[in-house]
Amino acid sequence: MAGINGTTKLAGVIGWPLSHTLSPAMHNAVYRDLGLDWIYVPLAVADEVGLRRLVAAVRSMNFVGFNVTMPYKTAILDLCDEVATAAQMAGAVNTVHCSGDKLIGYNTDGRGMLEALERDAGFDPAGKRVAILGAGGAAGGAFVALILARSASITLINRDLGRAQELVERMEAHSVNISVEALMYAEAEQAVREADLVINATSVGMRPDDPCLVPAQWLSSNQVILDMVYGQQHKTALTLCGEAAGAFTLDGLGMLVCQGATAVDIWNESSQERTPREVMLDAARRELQSRPSVGEAR
Ligand code: NDP
């Protein structure tokens, strides 16, 4: 890549696998746009031993920060020197700022989701009822962001009920004054039907033949439906069912862009300039278009 020199600073994404990540395309495009002498690279590590070694190395290198994706959003918490309250509550860090000799962990997934909902759907979650499908890292980030945004009630629906209950109990420990509950799918009809916002924060939908996790008749035209899955060449079953019901639907690309832009806002702390979301969105779309379609050689 042109422009790399002896003073170029590093950023990147740690995860496994990283073959489908859009982050290098989005980040490098916006660094060029902002005139930042930074480069963003994929940092694929196969296990937690590799993660610890990599983070130790990052401490003595010229990093402004890095993102963390599946499967390390929880494991990275213990490797940070400080963790922002929202990320502690979510139990997930997806952005680390290398600030002086400290690694400071944040969760920009939740903030990115709120920004995308506002920007792309004009949706303000304050006072609204929300149903979240999933209880992993993405669901945790969304859960905390919606609590901080003062949603009226939030129901976490998960196959593994214990995982959802753990998140709910963690919020209770933070004296959260909002109605939160954990349910299995079979018990969730009323919560989904009554929700103003339905979020898919599971990985179901990534494959074209993945099912809709809730019956189509639970969805309605009063709802906003956010499917966090992004970058697929197909619409997810949840999106198709939502569209058929007349709901306002969004995929996860806007959220991805906003969480990435928020990470740049954090790393570029000395600048007053807000990271341009459109530049990152255009780069992500170009990257997606350049990829072979299903059936073509990869
Ligand atoms: P995790 O591995 O932490 O969590 C996965 C979740 O999916 C769990 O709740 C799991 O349920 C559920 N799940 C997996 N398979 C099934 C199934 N067959 N039926 C029902 N539930 C299932 O992953 P993340 O939370 O990090 O990511 C989840 C999704 O969100 C991914 O698609 C990811 O790409 C997307 N994402 C999008 C972002 C964006 O910016 N748009 C940001 C972050 C994530 P269980 O606990 O029962 O196993």
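Helix 9 (residues 253–267) lies across strand 1 (9–15), strand 2, strand 3, strand 5 and strand 6 (102–106). Helix 9 runs at about 155° to strand 3. This is a predicted model: local features need pLDDT of at least 70, side-chain atom pairs count only at pLDDT 80 or more, and totals for chains, interfaces and linings use all residues. Residues are numbered from 1 along each chain as its sequence is written, and side-chain values use heavy atoms, with hydrogens and water left out.

**Terms for the fold**

- Helices (H or I, at least four residues) and strands (E, at least two) are DSSP runs, numbered from the N terminus.
- Axes are lines fitted to C-alpha atoms, for helices over the stretch in contact (heavy atoms within 4.5 Å). Angles run from 0 to 180 degrees between N-to-C directions.

- Six strands form an open sheet in the order 2-1-3-5-6-4, with mixed pairing. Two strands pair if DSSP finds at least two bridges between them.
- Strand 2 (38–44) and strand 4 (82–83) stand at the edges. Each has a single partner strand, so one side of each is left without a neighbour in the sheet.
- Strand 3 (residues 63–68) pairs with strand 5 (residues 95–99) in the antiparallel sense, over three bridges.
- Asn67 stands opposite Thr95 in strand 5.

**Thr69**

- The loop between strand 3 and strand 4 holds Thr69.
- Thr69 is partly exposed, with a relative accessible area of 25%. Buried means under 20%, exposed over 50%, and partly exposed in between (1.4 Å probe, protein chains only).
- Leaving aside neighbours within four places in sequence, Thr69 is in contact with Val13, Ile14, Gly15 and Leu18.
- Thr69 and Arg159 are 90 residues apart in sequence and 22 Å apart in space, C-alpha to C-alpha.

**The ligand**

- The ligand is surrounded by 24 residues (a heavy atom within 4 Å). The closest are Ala138, Asn158, Arg159, Arg163 and Gly252.
- Asn158 places a polar side-chain atom 2.8 Å from an oxygen atom of the ligand.
- Asp160 has a backbone N or O atom 2.9 Å from an oxygen atom of the ligand.
- For Leu256, a backbone N or O atom lies 3.3 Å from an oxygen atom of the ligand.

**Cysteines**

- The structure holds zero disulfides (pairs of cysteine sulfur atoms within 2.5 Å). For Cys80, the nearest cysteine sulfur is that of Cys98, 9.3 Å away.
- Cys80 counts as buried, at 12% relative accessibility.
- Cys258 also counts as buried, at 0% relative accessibility.

Terms used:
Polar contact = N/O pair within 3.5 Å; in protein donor to acceptor, adjacent residues only side chain to side chain.
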